[in-house]
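Colleague: I have a structure open and would like to go through it with you. Can we start with one of the sheets?

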Amino acid sequence: MSEDSCVPSSVEEEEEDGEKEKEREKLPPILTSSNTAAGGFERGDKSQFSTFSSFISTINQKKEASESSNSPTQLVIPNIKNVRDLPPLCLDVRQKHRISIDTVPPELKAPVPPEPSLPIRNKTLKDFQEDMEKAKSSGDWKTVHGFYLTTFDSFLELNAAFKKDVSLPFNTIEDSGINAKFVNTVYDALLNTPQDIQKCVLKGIINGLLQEWKGPRTKDDLRAYCILLQNPQFSNTSTYVIYAHLLRQIATLAEVDHHFLAHWFKKISQKRFKQLVDRLLQFISLRLFPAKPEEFPPMIKCTWWIPSATKVLALFNAANTLANPAVIPYTDFYNSTLDHIDLMEEYHNWQCYGNSHRFSFCQYPFVISIAAKKVIIQRDSEQQMINMARQSLVDKVSRRQRPDMNMLFLNVKVRRMHLVSDSLDELTWKRADLKKKLKVTFVGEAGLDMGGLTKEWFLLLIRQIFHPDYGMFTYHKDSHCHWFSSYKCDNYSEFRLVGALMGLAVYNSITLDIRFPPCCYKKLLSPPIVPCDQNTPVGNSNVTLEDLCQIMPELAHGLSELLSYEDNVEEDFYSTFQVFQEEFGVIKSYNLKPGGDKIPVTNQNRKEYVQLYVDFILNKSIYKQFAEFYYGFHSVCDSYALMLLRPEEVEILVCGSPELDMYALQRNTQYDGYLKTDLTIRYFWDVVLGFPLDLQKKLLHFTTGSDRVPVGGMADLNFKISKSETSTNWLPVAHTCFNQLCLPPYKNKKELKQKLIIGISNAEGFGLE
């Protein structure tokens, strides 16, 4: 494979210059860079990549692909000349917190170029299937070869073959006009055809990509891109040069064209959608870490490959976001290969060059796995801890005071009987030390905090604060989650404490047993960075009826019934734009809008009523409480790394995953004094694997201080079972700071089960740690 098949040469014969220059003058302006080839994914230099509104330059010259008897896996790609390097390709995540295509306002309308007339092609899906059957039985592939040769020869032919109706424009986002069933059948059959047919398809795609174009793309062009992107041949690494050029042309389309493509992509079937996403992820992975480097051009010659593929992947992520429900889980966009690159360099590049044109995967956080994001946050936190400790040391020395080790930590001393008040006082007085490593001491108890006391402090404090009698949070039995109490009070500082606790947990890699609904984490990232202007509202997110359903399903169901009510809403419900809430035994009313008590709810305004009602419950009625909670969390976690996270990912970082896989725990357990084949260990796992979920969670809580699984799964627990030389009359003992269970060699399974259940059901306080 020639190098200039990846980065085409820009050298022209002198006698062609005059003619070509005239053509270039008609093209849209191109953003250029003086050092494009050296930039991109190479870390040493800056590079320029395309923005949404940029256009790829024209290709003025093309060569005929040489016919070869080799398979398409050895296809020689023709030299492609006069392709200018790709213009800038990154929107900073600080400008758009997530790279996605939301609905484009009606006024954002690009002029629609006239659609060229399409050739008439009468072959139907049934005709094609019959041709395939005849070819397979007779061995004569001439008719099928002619169909593929003609169909993939140009963008116009693709539309002529696969457009539902060539007489209709199909210029809307609702319908791409593509006969998806026909496209799928043709592609499914392609890989079972002779090699010469597969080669002619690739050759036709090259011809289509080389066609010179001027001005905005038509909807027929977009349809052709959508069809070509689904070609299964692009799963083969030998076609990656062609695939890369296709991705580059799609990546550099205008933003309004991306808008159309995103809406069309969401209509693709789940199976095909997943295949396309996996193909793009594989393309990125193999370009980063090629199994056979000789199959690819040097990285410096094709720095635009990865940015182009990532940009197209962003369109699929946008399509997935637009679909309701999502076509595939957001975790399917994770690229685990990125776990093995220098993540902190990616992060620092993004921080330093965020608004420039230097590419970083952090601009597209949906491809970074939660495990990789945790690494970024942890290392960023560690660096902040080191900086704070260093500053404290410098301050001490500058004042000629004797430094001591305690100044390097956030030392929290609390009494068990005054846990909440002491904790609040400590965190308030030591606000400047919140970014130091946390160490907890329980007054009057002997114990060195190696991690276990910190875990216990978090668990006991959270349990006490969230108790219904404490009044800060309301537990909703239907949804099994807590929500902020809307009761008014003079001091909301304890909500700031809860926020700080969550921040400290993330900062110190502790998982908490908190049951907040997903919309809480969405509000926590609204915005992800604390605004400089203190008057700017925080914690207010765009909430929906679905968000309310996750907290108060009965209320959400009632409002949903109101929206679907077919009779006269005003006469039958007799409601106004008001909300009634009980506070300390007194019913109070609140207007949802000015003069709401005098505005009846009707069939015409009920949607507005429901939206205002949901906004009042989830935003306005608890604004002061949540604002303190927000500021408490961000007083510890004020890292730009938060901008990389989805609300669901924040929840996993704070609380861990509730999904337990005890078989995975068994596989990853270490032993000290035991072998995994010992009778006691076999008894133990027989008992534990047979436990109901609540006892399994108690065991996890007993040994690790939390009943949830950290981001890295059971393997990250470093769970260890040690042999205890004490009498078998004793109960098992756990060291939560080491995630260690000390297990006596019980004589039989019945005794082990009895002692284990007693131990895990009665564990609290330093005595059992």
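Modeller: There is an open sheet of four strands, in the order β9-β10-β12-β11, with mixed pairing. Strands here are DSSP E runs of at least two residues, helices are H or I runs of at least four, and both are numbered from the N terminus. Two strands pair if DSSP finds at least two bridges between them. This is a predicted model, where local features need pLDDT of at least 70 and side-chain atom pairs count only at pLDDT 80 or more, while totals for chains, interfaces and linings use all residues. Residues are numbered from 1 along each chain as its sequence is written, and side-chain values use heavy atoms, leaving out hydrogens and water.

Colleague: Which strands are at the edges?

Modeller: β9 (670–672) and β11 (733–735), each of which pairs on one side only. Direction ignored, neighbouring strands of this sheet are turned by 25 degrees against each other on average. Axes are lines fitted to C-alpha atoms, for helices over the stretch in contact, and angles run from 0 to 180 degrees between N-to-C directions.

Colleague: Do β10 and β12 run parallel or antiparallel?

Modeller: Parallel: four bridges join β10 (residues 720–723) to β12 (residues 740–743). I721 stands opposite L741 in β12, and K720 has Q740 as its bridge partner there.

Colleague: And how many bridges between β11 and β12?

Modeller: Three, and that pair is antiparallel. A734 has L741 of β12 as its bridge partner.

Colleague: Which way do the β12 side chains point?

Modeller: Q740 and C742 point one way, L741 and L743 the other. In a regular strand the side chains alternate between the two faces of the sheet. All four of these β12 residues are buried, meaning under 20% relative accessible area; over 50% is exposed and in between is partly exposed (1.4 Å probe, protein chains only).

Colleague: Which helix lies across β11 and β12?

Modeller: Helix α26 (residues 693–704), which runs at about 60 degrees to β11.

Colleague: New topic. What do β7 and β8 form?

Modeller: A hairpin with two residues between the strands. Six bridges join β7 (residues 578–583) to β8 (residues 586–591), and the strands run antiparallel. F580 stands opposite S589 in β8. In the turn, F584 has a positive phi of about 55 degrees.

Colleague: Now helices. At what angle do α14 and α16 cross?

Modeller: The axes of α14 (residues 419–429) and α16 (residues 493–507) cross at roughly 75 degrees and come within 10 Å. The two helices are therefore roughly perpendicular: that label covers 65 to 115 degrees, with under 35 roughly parallel, over 145 roughly antiparallel and the rest oblique.

Colleague: Which residues make the contact?

Modeller: V420, S423, L424 and L427 of α14, with S493, E494, L497, A500 and L504 of α16. Contact means heavy atoms within 4.5 Å. The residues divide into six nonpolar, two polar and one charged. Ala, Val, Leu, Ile, Met, Phe, Trp, Tyr, Cys and Pro count as nonpolar, Asp, Glu, Lys and Arg as charged, and the others, Gly among them, as polar.

Colleague: How many helices and strands are in the protein?

Modeller: There are 27 helices and twelve strands. Buried residues make up 51% of the 769 residues.
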